[in-house]
Amino acid sequence: MELRKGLEDIAIKETEITYIDGVLGRLYYRGYSIYDLAEFSNFEETAYLIWFGKLPNKKELQEIKEALAEEREIPEYITEFIKNVRKDANPMDVLRTAVSMLGIEDRSNEELWKKAVKLTAKIPTIISYFDRVRKGLDIVHPDPSLSHAENFLYMMRGEKPNPIDSRTMDVAMILHMDHEMNASTFACLVVASTLSDLYSAITAGISALKGPLHGGANAEALKQFMEIGSKDKVEEYILKKLESGQRIMGFGHRIYKAYDPRAKILKEYARNLAKEKGKMELFEIAEKVDEIGCKILGKKNIYPNVDFYAGLVFYFLGFDPDLFPTVFASSRIVGWTAHVMEYLKDNKLIRPKAIYKGEIGRKYINIENRE
Ligand SMILES: CC(C)(COP(=O)(O)OP(=O)(O)OC[C@H]1O[C@@H](n2cnc3c(N)ncnc32)[C@H](O)[C@@H]1OP(=O)(O)O)[C@@H](O)C(=O)NCCC(=O)NCCS
């Protein structure tokens, strides 16, 4: 039996959702280039595309917008849990538990896509309620007249965001929506393949995304730019890091051997936000890390990944770094649920094997006689 550590290069299903060309640095959702979706689409339309496989017509878009807006509020018992949970809780633990609680109450047999809409609509509410409660602020209820991305920022801040912030949030959410068979999506499928319920599958996905090797690199990248402190210290910082065998955070990817297209798009949004918020120096540090990092690591086909500029974008939009993985989850929920629905159309229990390396036929010794 062949051992493939980390299941590297093993396909576990065929998909029509997302295609990544890691060599040319291209990404497609349902055949549409990520560049076109980031330029022309919005959260609701791209979510529809990922779930149903086609761009919605006007009526379908209106319906999905309304369905998402109607489902934003969370049940009182979850708001109570958020108010009572310790204020220093990891936001991903709060999100995971709240999603799990939603699953306890939802016993309906409604179609999976309706449950997917419910989860997608409610996740920003859970995140923003927890953030406001832990800061001693009143919660801000969702406003159904706002778009998904606008409403998320509105609930976080307590005031309506300006068009630049709303559009940036929309685009950042589109870019994080799906990425083929990553660790958290696979975790969802393992659970779903046992014919467990969607909430349990998503709880597993959130658990996997929490890990620093998956959903935490954006905060690490931001921390690195803050640590460097000024543009003229970038080169020295990078050389020191690499000489001591450490990694540049936000660089490198298992699939991309070229510049991640999501990073290319986010870079320009980060630049604009930096200008708007008067944080140009932090952006310029990142840009310099990008430039020098590419010169050195580009020789090994290591380039910036999505997390490189995502941390900056989320930070400029006002999210605390410990919230970044939850913002990631608020977007990836669309991909998780789409992959579960696709997998269940031709379900096969996921049950890999392990190669046994231990002894066989050992003699059982009574506890009194053991050393
Ligand atoms: C993402 C990541 C885990 C992918 O790694 P991978 O495909 O498993 O590749 P490996 O970890 O085996 O690295 C391959 C080589 O590239 C180097 N490398 C990879 N990423 C690097 C980075 N960010 N900085 C410096 N060197 C890096 C490794 O040191 C290794 O070099 P070697 O062959 O000389 O030993 C890795 O690039 C990384 O740790 N990046 C930083 C964290 C990050 O940004 N994660 C977010 C991913 S979206």
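Student: How many Å separate the centres of domain 1 and domain 2?

Tutor: This is a predicted model, in which local features need pLDDT of at least 70, side-chain atom pairs count only at pLDDT 80 or more, and totals for chains, interfaces and linings use all residues. Residues are numbered from 1 along each chain as its sequence is written, and side-chain values use heavy atoms, with hydrogens and water left out. Domain 1 covers 14-212 + 320-344 and domain 2 covers 217-316, with bounds that come from an automatic or database domain assignment. Taken over C-alpha atoms, the separation of the two centres is 25 Å.

Student: Which side chains meet in a salt bridge at 2.7 Å, N to O?

Tutor: A salt bridge is a side-chain nitrogen of Lys or Arg within 4 Å of a carboxyl oxygen of Asp or Glu, and across the interface of domain 1 and domain 2 this rule finds one. At 2.7 Å, N to O, the side chains that meet in a salt bridge are those of Lys 277 and Asp 165.

Student: Which helix gives the most to the side of domain 1 that touches domain 2?

Tutor: Helices (H or I, at least four residues) and strands (E, at least two) are DSSP runs, numbered from the N terminus. Elements that each supply at least two residues of this side include strand 1 (18-21), helix 8 (163-175) and helix 16 (324-344). With seven residues, the one that gives the most is helix 8.

Student: Is Asp 290 buried or exposed?

Tutor: Asp 290 is found in helix 14 (residues 280-297). Not counting residues up to four places away in sequence, Asp 290 touches Phe 251, Tyr 259, Lys 267, Pro 304, Phe 308 and Tyr 309, where contact means heavy atoms within 4.5 Å. Buried means under 20% relative accessible area, exposed over 50%, and partly exposed in between (1.4 Å probe, protein chains only). Because its relative accessibility is 4%, Asp 290 counts as buried.
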